[in-house]
Amino acid sequence: MRVTVIYGTDNGNTRSVAEQIASQIDGKTIEISAATHSDFEDCDLLILGTLTCGYGDLQSDWESRLGILATVNLTGRRVALFGLGDQITYADTFADGRGELYEQVVGQGAVVIGSTPTTGYDYFASRAVQDDVFVGLVLDEDTQQEETEGRIAFWVASLKMVAAGELGAQQTPQPHYAN
Ligand SMILES: Cc1cc2nc3c(=O)[nH]c(=O)nc-3n(C[C@H](O)[C@H](O)[C@H](O)COP(=O)(O)O)c2cc1C
């Protein structure tokens with residue numbers, strides 16, 4: 001399976017996470033500022049990642065490259081999303097930037113896979129939530145760094161199960177480490 005992880009970062013956390021995900025799923029990483037049209041299309045699974053900045057905003061390189069994303073044919077294609085945020089300082093806009101990417105790719109006909117439970121997080125509002133689950137992976141390197149490694153491993157395993165047909169695209173697996 002050809003996997004491409006495209007990410008935007010300000011201070012490096014999202015790059016580090018992108019590289020961890022790619023290494024576990026045998027994929028390649030590309031920063032959104034350098035991504036081309038074919039980088040989005042020449043893969044079997046597209047993984048997109050962003051932090052949230054400002055007050056619930058999408059990362060700035062992503063903002064300026066949304067025009068490229070909008071021209072990519074995503075109809076019926078599997079896309080997985082991950083996002084970084086800070087649930088304590090920004091409890092009302094937790095990982096909202098990720099929600100913006102979700103709305104964009106769904107609008108282009110993508111099948112978004114890899115939803116995860118909100119168990120273990122503590123926030124007030126997040127645009128990354130749909131029907132009581134995160135539509136993708138949400139990480140908090142600011143206040144829950146110790147959870148990151150396990151959350152990535154759990155998420156990548158669930159993506160592989162979807163790819164292998166062992167888990168429906170819209171199913172949300174329950175993590176073993178949940179309280
Ligand atoms: C000025 C500023 C604004 C932020 N705004 C939000 C926000 O609205 N919501 C959120 O969940 N996280 C917010 N964050 C937290 C970042 O998303 C988080 O620190 C992330 O790990 C940074 O990733 P990076 O190292 O890839 O840039 C903000 C951080 C900064 C410095």
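Colleague: Let's start with strand β1: how many of its residues are buried?
Modeller: Five of the five residues in β1 (residues 3-7) are buried, so the strand is mostly covered. Buried here means that 20 or more other C-beta atoms, placed from the backbone, lie within 10 Å of the residue's own; 12 or fewer makes a residue exposed, and anything in between is partly exposed. Helices (H or I, at least four residues) and strands (E, at least two) are DSSP runs, numbered from the N terminus.

Colleague: Before we go on, what kind of model is this?
Modeller: This is a predicted model, in which local features need pLDDT of at least 70 and side-chain atom pairs count only at pLDDT 80 or more, while totals for chains, interfaces and linings use all residues. Residues are numbered from 1 along each chain as its sequence is written.

Colleague: Thanks. Which residues of β1 sit on which side?
Modeller: Val3, Val5 and Tyr7 are on one side and Thr4 and Ile6 on the other, and all of them are buried. In a regular strand, side chains alternate between the two faces of the sheet.

Colleague: And which strands does β1 pair with, parallel or antiparallel?
Modeller: β1 pairs in the parallel sense with β3 over five bridges, and in the parallel sense with β2 (residues 28-31) over four bridges. Two strands count as paired if DSSP finds at least two bridges between them. Valine 5 shows both sides of this: its bridge partner in β3 is isoleucine 47, and in β2 valine 5 stands opposite threonine 29. From β1 the chain crosses through α1 to β2, in a right-handed β-α-β crossover. Right-handed means that, with the strands pointing away from the viewer, the path from the first strand over the helix to the second runs clockwise.

Colleague: Let's move to β5. Why do you call it largely enclosed?
Modeller: Because seven of the seven residues of β5 are buried. Arg78, Ala80, Phe82 and Leu84 point one way, while Val79, Leu81 and Gly83 point the other way.

Colleague: What are the partners of β5?
Modeller: β5 runs parallel to β3, with six bridges, pairs in the parallel sense with β6 over three bridges, and runs parallel to β10 with three bridges. Glycine 83 is the bridge partner of threonine 50, and glycine 83 is also partnered with valine 138 in β10.

Colleague: Switching to the core: how many residues are in the largest nonpolar one?
Modeller: The largest nonpolar core has 48 residues, and Ile21, Ile47, Val79, Leu81, Val112 and Leu159 have the most contacts inside it. Such a core is a set of buried Ala, Val, Leu, Ile, Met, Phe, Trp, Tyr and Cys residues joined through C-beta atoms within 7 Å. The largest share, six residues, comes from β3.

Colleague: Which residues does isoleucine 21 touch?
Modeller: Leaving out residues up to four places away in sequence, isoleucine 21 touches Val5, Ile47, Phe82, Ile152 and Val156. Touching means that the C-beta atoms, placed from the backbone, lie within 7 Å.

Colleague: Now the ligand. Which residues come nearest?
Modeller: Asp10, Asn13, Thr14, Gly85 and Tyr90 come nearest, out of 22 residues around the ligand. A residue counts as near if its C-beta atom, placed from the backbone, lies within 6 Å of the molecule or strand in question.

Colleague: I'm curious about aspartate 140. Is it buried or exposed?
Modeller: Aspartate 140 is buried, because 23 other C-beta atoms lie within 10 Å. Aspartate 140 is in the loop between β10 (137-139) and α5 (145-163). Not counting residues up to four places away in sequence, aspartate 140 touches Gly85, Asp86 and Gln87.

Colleague: Last one: what about phi of aspartate 26?
Modeller: Aspartate 26 has a positive phi of about 60°, although it is not a glycine. Most residues other than glycine have a negative phi. Aspartate 26 lies in the loop between α1 and β2, and counts as exposed because it has 10 C-beta neighbours inside 10 Å.

Technical notes. Two residues are in contact if their C-beta atoms, placed from the backbone, lie within 7 Å.
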